[in-house]
2 protein chains.
Amino acid sequence: MSEPVSSDGTPGTTGVDPAQLWLRSGEPRRGRRPSFSREAITAAAVALADAEGLEAVTMRRVAAEIGAGVMSLYSYAPDKETLLELMVDHVSGELTAPAPPSGDWRADLKAIAHTQRAHMLRHPWLPAALSTRRVPGPNTLAFLEHTLAVLRPTGLDGAAKLEIFAQLTAFVAGHVAHEVAQAAVSRSPDRAAAEARYLAAVAADGHHPELAEALSAPVRPVTAEATFTRFLGRLIDGLDTE
Amino acid sequence: MSEPVSSDGTPGTTGVDPAQLWLRSGEPRRGRRPSFSREAITAAAVALADAEGLEAVTMRRVAAEIGAGVMSLYSYAPDKETLLELMVDHVSGELTAPAPPSGDWRADLKAIAHTQRAHMLRHPWLPAALSTRRVPGPNTLAFLEHTLAVLRPTGLDGAAKLEIFAQLTAFVAGHVAHEVAQAAVSRSPDRAAAEARYLAAVAADGHHPELAEALSAPVRPVTAEATFTRFLGRLIDGLDTE
DNA sequence: GTCTATTCTCGTACACCGTACGGAATAAAG
DNA sequence: CTTTATTCCGTACGGTGTACGAGAATAGAC
């Protein structure tokens, strides 16, 4: 009875029952045996996204990659949206806890954030894929469990801890999205030059004195990592235990 | 000579020369007079995105909305990607400075962030549209100019100020993306119930004691606004003037 | 063995997408 | 007038996600 698209502006988050997706029960001991596996399909899709970006992940390409017919994929995932969910949780399997919780929860949280950043840099499509809300799969839940354990010494209540996890993830995703986009521009010299020329022209129009001054300063080289660490520190050091 | 898609994973940020897009010179006083305008097309696209989400913005829908043939749009924007850029800058026109810089730059920055949040809530497709890096248009630049002015008392150098603007925007976008996704789930009771059932099942499996405890706590109602304000405060109060 | 129920495989088809192409319409310049 | 520049847009092409249904493969019932 639910609409395929909500009546307002939000995208059609019809979605599949998460329990049926992640907690699917025992094997159906009848009928033709599967030729492929959800795992293999997901891995192929991830490899494709890593190598050529998210938009290269089409049902046809994925099917071709594993030598299946296109429609065969639909025996393993009800639609492409779900395949994306599978991809996200699949790569989250790499997110093993960097270390068991020490006593210093702030340091642990920072380590977690750095792990997430490295993870997203390894899979640059992740921030975009995460932006549409998804139900956490088993691997994501394992990582969440670790984070909650790290936050135990804070004495915060459950809701607050979950909130911190969500905010931290959103922060890292936002940062990495910006970081990779920036890197993509820098990698194309003519594009970067065109952008610099444009900004210089704007700065010269007299209506943007602050911008003009900001751009006139010599560009000191800073690594993206350093910037991340600095902002992360501000965010986490500002957290207080109640 | 530039490739339509970079060789690695990043999406094809071919892009148009920003100067030609935003700084286009005088009128071409020859040939048939335009029946439409970039402004009207952009406004129609924005209205569509506001009402039905970003994925409702197709060239055909936009054209139909203003009573044009599909291909006529390409006289005003070279491709859909560019139309998205136009949309982003168009709505940024609403981002007038909330107030001239007071002396308290932290308070001003917080006001800016709240303005941005309200703006993105009004146009929930914005975080997604912003995630792919774009060259700032005139309206975005005006807002940037205001932010730089607010940051003047910090005495930070240009690069640091620009960094703060980028990070703040990314933070707000990340937060709002999460916020609207969360709201979309809550708005569909059966979806929310299914999710709760799933998480309860996971919590009951014995492998997620921290999650079980976090979920068992009574859910105290907190507004998204309060959460935003809290995290924003942490981020901004942590900024220091070098 | 045969039959039947169940499951997976996948070719075909459809609606929709972005947009290249080129001709018709329009308006100013020579 | 003719020329030239510009906009309008119907048609068409290659791509997308996926509904449908026929066929193949397997397991249990008899």
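The surface near DNA strand D is made up of eight nonpolar, seven polar and ten charged residues. Here Ala, Val, Leu, Ile, Met, Phe, Trp, Tyr, Cys and Pro count as nonpolar, Asp, Glu, Lys and Arg as charged, and the others, Gly among them, as polar. This is a predicted model, in which local features need pLDDT of at least 70 and side-chain atom pairs count only at pLDDT 80 or more, while totals for chains, interfaces and linings use all residues.

**Around DNA strand D**
- DNA strand D is surrounded by 25 residues, where near means a C-beta atom, placed from the backbone, within 6 Å of the strand.
- The closest of them are Asp79(A), Gly31(B), Ser35(B), Gly69(B) and Met71(B).
- Helix α3 (residues 59–66) of chain A gives the largest share of this surface, three residues.

**The fold of chain A**
- Chain A has eleven helices and zero strands; helices (H or I, at least four residues) and strands (E, at least two) are DSSP runs, numbered from the N terminus.
- The C-alpha atoms of chain A fill a box of roughly 75 × 50 × 40 Å along the principal axes.
- Of the 242 residues in chain A, 35% are buried; a residue is buried if 20 or more other C-beta atoms, placed from the backbone, lie within 10 Å of its own, exposed if 12 or fewer, and partly exposed in between.
- Among contacts in chain A between residues at least 6 apart in sequence, 64% join residues at least 24 apart, a contact being two C-beta atoms, placed from the backbone, within 7 Å.

**Where chains A and B meet**
- On this interface, 75 residues of chain A are in contact with 74 residues of chain B.
- Helix α8(A) provides the largest share of chain A's side, 20 residues.
- That side of chain A has 37 nonpolar, 19 polar and 19 charged residues.
- Of the 30 residues of α8(A), 21 are buried, so this helix is largely enclosed by the rest of the structure.
- The end C-alpha atoms of α8(A) are 43 Å apart, which agrees with the 44 Å that its 30 residues should span at 1.5 Å a residue; the expected span is 1.5 Å times one less than the number of residues.

**How the two copies are related**
- The same surface serves both copies, as 99% of the contact residues of chain A recur in chain B.

**Core and a residue to look at**
- The largest nonpolar core has 104 residues, and Ala45(A), Met87(A), Ala45(B) and Met87(B) touch the most other members; such a core is a set of buried Ala, Val, Leu, Ile, Met, Phe, Trp, Tyr and Cys residues joined through C-beta atoms within 7 Å.
- Not counting residues up to four places away in sequence, Met87(B) touches Thr42(B), Ala45(B), Val46(B), Ala49(B) and Ala129(B).
- Glu145(B) lies in helix α7 (residues 138–151) of chain B and is partly exposed, with 19 other C-beta atoms within 10 Å.
- Leaving aside neighbours within four places in sequence, Glu145(B) is in contact with His208(A), Glu210(A) and Leu211(A).

How values were computed: Residues are numbered from 1 along each chain as its sequence is written. Chains are lettered from A and ligands numbered from 1 in the order in which they are written.
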